[in-house]
2 protein chains.
Amino acid sequence: MSLASPKRAALLAALEAALGSGALLTSDADLAIYSRDWSGEYSGRPLAVARPRSAAELCDVVAKCRGLRIPIVPQGGLTGLVGGAVARQNEAELVVSLERLDAIRNIDPDNYSMVVEAGCVLETAKRAAEAQDRLLPITFGAQGSCRIGGNVATNAGGVNVLRYGMTRDLVLGLELVLPDGRLWSHLSPLRKDNRGYDLKQLFIGSEGTLGVVTAVAFKLYPLPTRVETALVGLSSVMDAMSLFARARRDCGDLLSAFELLLQEGVDIAMRARPDLAPPLAARYPAYVLMEASTSAAIDLKEMLVGFLASSDDLVRDGVVAASRAQADRLWLYREAMVEHQGRGGRYFRTDVSVRISDLPAFVERAMAAVRARLPEALPVAYGHVGDGNVHLNVIPPEGLDNAGVDALFVAAEEAIFEIVDQLDGSISAEHGIGRAKRKAFLSRIDAVTLDLMTTLKRSLDPADLMSPGRILPSSREAI
Amino acid sequence: MSLASPKRAALLAALEAALGSGALLTSDADLAIYSRDWSGEYSGRPLAVARPRSAAELCDVVAKCRGLRIPIVPQGGLTGLVGGAVARQNEAELVVSLERLDAIRNIDPDNYSMVVEAGCVLETAKRAAEAQDRLLPITFGAQGSCRIGGNVATNAGGVNVLRYGMTRDLVLGLELVLPDGRLWSHLSPLRKDNRGYDLKQLFIGSEGTLGVVTAVAFKLYPLPTRVETALVGLSSVMDAMSLFARARRDCGDLLSAFELLLQEGVDIAMRARPDLAPPLAARYPAYVLMEASTSAAIDLKEMLVGFLASSDDLVRDGVVAASRAQADRLWLYREAMVEHQGRGGRYFRTDVSVRISDLPAFVERAMAAVRARLPEALPVAYGHVGDGNVHLNVIPPEGLDNAGVDALFVAAEEAIFEIVDQLDGSISAEHGIGRAKRKAFLSRIDAVTLDLMTTLKRSLDPADLMSPGRILPSSREAI
């Protein structure tokens with residue numbers, strides 16, 4: 001669909017009048033940074049970008065778009081990796097950037113809660129909570145760029161899900177603009193509330209297709225005062241999962257992260273950061289980065305050291321950080337690997353989950369399938385294995401042209417998702433569906449689920465104006 | 001609505017044929033135990049009781065009822081306290097008892113998950129998990145009677161919500177029969193799964209109005225190997241909440257229960273159980289029952305004793321249980337109080353929540369309001385104050401007739417809910433709305449919320465045949 005000029009002009013004039021100067025961007029130069037996601041895989045020029053400063057202004061924007069039947073795409077930090085928040089090329093979608101709706105409305109330390117606007121950068125919200133001795137536990141690499149509204153819209157995961165759950169588990173209340181332009185405001189930070197249907201659950205993880213989140217009430221936790229970090233070398237992924245089974249029991253809920261790396265991943269980190277020495281004296285097929293944390297007055301180091309000593313049948317070597325600086329350095333192997341795995345170019349990402357008990361089989365079979373099918377590519381596996389969640393990415397050989405990379409993406413997805421299917425796993429553990437995984441999602445979904453999702457979408461957004469074509473097919477596209 | 005004989009006979013014949021003998025109950029004698037809830041406040045004779053043995057049989061029952069437009073009410077242990085699972089008198093509703101769908105389908109200790117059918121008694125499921133060193137953390141008084149399907153349908157709470165969350169937080173997957181008789185089966189126990197809308201959230205807490213749960217995949221936790229329990233005496237509810245604020249930090253997520261009792265409640269327990277001595281040497285206005293638990297190899301007792309010693313400005317006296325038997329005895333004050341508060345007669349129950357920081361103000365103001373308005377009644381307050389959740393119940397004076405008790409219920413609700421409203425709290429923290437709180441719920445709900453809930457109900461159950469009149473008005477009743 002392209003938008004006829006008179007309709008476009010009418011919308012822009014109406015929005016300009018409603019929002020005031022500087023709130024509506026229309027020039028190519030201004031639109032550039034709103035037209036491409038962090039990965040570079042998705043780009044599309046929106047009709048315009050509206051930047052409301054309040055939920056009321058956003059209600060007005062949505063109502064005006066509805067009147068003219070202009071689709072709306074809410075946008076946060078553009079780090080979602082599934083193309084959901086970038087405008088579809090040639091579809092004349094209005095991008096709504098939440099960046100100016102970024103206040104921290106309040107922090108209630110005694111109630112262990114905070115209310116934050118959707119455009120607030122996650123890192124900013126985390127620091128504000130920490131200043132009051134409270135933890136907002138959502139933690140992952142993009143936290144310095146992603147925004148709260150996107151975290152909620154995609155039900156973001158990360159490295160501390162093991163202990164604190166997904167974003168969904170941390171949301172006490174929401175304020176949002178419905179597809180018809182009405183505001184739904186339920187920000188009361190009650191810990192328990194069973195009054196009728198829990199409507200906020202509908203919107204969490206709906207990727208902008210059912211409404212636009214404007215503010216969130218979060219559950220907070222005590223800020224840990226003791227954090228212990230260890231990196232251990234192991235003989236196999238199977239041993240890593242055996243170690244996890246014991247750690248889950250022997251460290252209880254003090255275990256806050258359990259991340260798997262393979263030797264290839266550690267090598268990527270060391271190539272990218274020559275200041276990183278090999279983490280242990282010898283090389284091992286698998287490594288686990290473990291973190292335990294608490295605000296309780298207990299000897300956490302004794303617990304962690306004792307645990308590793310009692311697991312010497314599995315742990316071949318290991319180091320427990322003696323300081324916060326050393327712990328940060330242990331995390332650097334993981335961070336540098338994630339950041340530099342693609343050598344600055346395009347690479348194929350997955351975000352799959354299987355039963356924790358099936359994880360060793362998944363990694364072994366999927367790595368083998370990729371190596372067999374794409375012998376010149378480099379598969380890299382890592383992830384939040386305490387949640388059964390692996391990122392198995394595939395790096396193309398250097399020098400491959402764009403068409404070759406496209407073909408590699410298709411082949412890699414087929415090879416990896418086939419193993420996911422065999423293990424009854426999920427092709428999207430924490431990133432969502434967006435546009436990137438829609439085809440794979442729809443080809444696997446059962447008829448009843450598709451019917452229920454379509455019913456919900458049609459009930460709440462009958463005109464199909466909220467992020468159309470994300471998750472489900474747009475009503476205006478041929479399937 | 002009463003059901004004309006030919007329609008009734010047609011349904012019963014069709015169900016009898018579909019379910020086989022013994023699966024359909026129709027005589028007054030057989031229906032008696034399915035016609036009255038645990039509290040005795042709600043009763044109603046159903047058209048019949050169907051007891052399917054499989055989800056497929058239930059699909060058949062629902063399809064047949066749909067054809068004849070007979071309303072269906074799923075029923076578990078009848079301990080929900082809001083009248084949701086009892087048939088409405090004279091409405092010819094078919095009760096579906098899940099009691100024969102009670103298998104534990106599997107327990108996967110390595111994945112920390114189990115799949116249980118809806119009719120399984122909660123206690124049975126908990127014991128099965130414990131036998132594999134795993135914890136199903138839903139814990140409350142009725143656990144020996146309530147059934148899993150009811151726990152999910154009402155999003156049950158309990159004493160361990162503080163640590164493990166509500167039932168919603170523990171559900172990984174669901175299998176259920178939709179209002180149109182189709183089965184929706186998503187029992188894969190993945191810890192993370194962001195494939196499209198999280199449909200199971202719709203049904204959790206929907207109190208049987210959107211479908212009938214037939215099986216549940218639960219998240220399990222390590223079974224605690226160390227449990228420490230303390231009962232402390234305090235000068236006020238305010239001091240109890242100050243102690244909670246410190247305990248939340250200094251005991252971290254090792255704190256698994258934090259229950260408030262008042263002296264009046266302890267007196268009720270001691271009157272009911274003459275073998276219970278006063279718990280501490282002197283009497284105190286407020287008591288807190290604290291529990292910390294873990295499977296980690298740490299000195300939990302040292303932590304708890306150290307915490308209480310460091311809080312001697314708040315804690316006036318206290319005892320830390322030296323054995324499991326002594327811990328059970330400390331819990332007995334709470335259990336005997338809950339069980340005997342009504343002296344065997346009718347009493348008014350509430351289940352409200354406020355911000356944790358507002359809890360002392362709520363208890364003080366609501367107790368004062370009840371005493372002022374109903375000077376001859378006895379208000380009893382206790383609850384899961386670490387979640388901001390209080391049960392403030394009102395016991396009528398002895399000898400009051402039924403009409404007097406009815407009037408007292410109305411007056412008590414008005415007095416207590418007025419304070420809840422002032423503090424922007426919830427009139428239903430963990431029990432749901434059902435029929436008991438529908439009027440109070442609907443009189444407080446905003447128009448947008450009501451519209452969204454009605455839209456959902458109509459989209460999924462357009463014929464309004466699933467637990468009609470619970471939560472929302474039935475489409476067939478005059479409002």
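How many bridges join S3(B) to strand S4 (residues 94-97) of chain B, and do the two run parallel or antiparallel? In this predicted model, the count for that pair is 4 bridges, and the strands run parallel. Within the pairing, B:Ile72 stands opposite B:Leu94 of S4(B).

These two strands belong to an open sheet of chain B, in which 4 strands follow the order S1-S2-S4-S3 with mixed pairing. Strand S1 (24-25) and strand S3 (72-75) of chain B stand at the edges; each has a single partner strand, so one side of each is left without a neighbour in the sheet.

A:Ala48 has A:Leu94 as its bridge partner in S4(A).

Salt bridges come next, and the model contains 72 of them over all chains. One of these is formed by the side chains of A:Arg45 and A:Asp28, at 2.8 Å from N to O.

Chain A is superposed on chain B by a rotation of 180° with 0.0 Å of shift along its axis, at an RMSD of 0.0 Å. That is the relation of a two-fold axis. In chain A, the C-alpha nearest this axis belongs to A:Gln201, at a distance of 3.1 Å. The same surface serves both copies, since 100% of the contact residues of chain A recur in chain B.

What does this shared surface contain? The contact involves 85 residues of chain A and 85 residues of chain B. The size of an interface is often given as the accessible area lost when the parts come together. Between chain A and chain B the buried area is about 7000 Å², with carbon and sulfur atoms giving 59% of it. On the side of chain A, the trio of A:Lys192, A:Asn194 and A:Tyr197 supplies 15% of the area that this chain buries against chain B, more than any other three residues.

Polar and charged groups also meet across the interface. The count between chain A and chain B is 10 salt bridges, one of which brings together the side chains of B:Arg168 and A:Asp198 at 3.4 Å, N to O. Polar contacts between the two chains amount to 47 residue pairs, both residues being at pLDDT 80 or more.

Several elements of chain A give two or more residues to the side that touches chain B, among them helix H6 (161-164), helix H7 (167-170), strand S9 (183-186), helix H9 (237-250) and helix H16 (447-460). H16(A) gives the most, with 10 residues. By residue type, the side of chain A that touches chain B divides into 36 nonpolar, 26 polar and 23 charged residues.

Notes
Residues numbered from 1 in each chain as written. Chains lettered and ligands numbered in written order. Predicted model: local features only at pLDDT ≥ 70, side-chain atom pairs only at ≥ 80, totals over all residues. Heavy atoms only, no water. Contact = heavy atoms within 4.5 Å. Buried area = accessible area lost by both parts, 1.4 Å probe. Salt bridge = Lys/Arg side-chain N within 4 Å of Asp/Glu carboxyl O. Polar contact = N/O pair within 3.5 Å; in protein donor to acceptor, adjacent residues only side chain to side chain. Nonpolar A, V, L, I, M, F, W, Y, C, P; charged D, E, K, R; others polar. Least-squares fit on C-alpha atoms with pLDDT ≥ 70 in both. Pairing = 2+ DSSP bridges.
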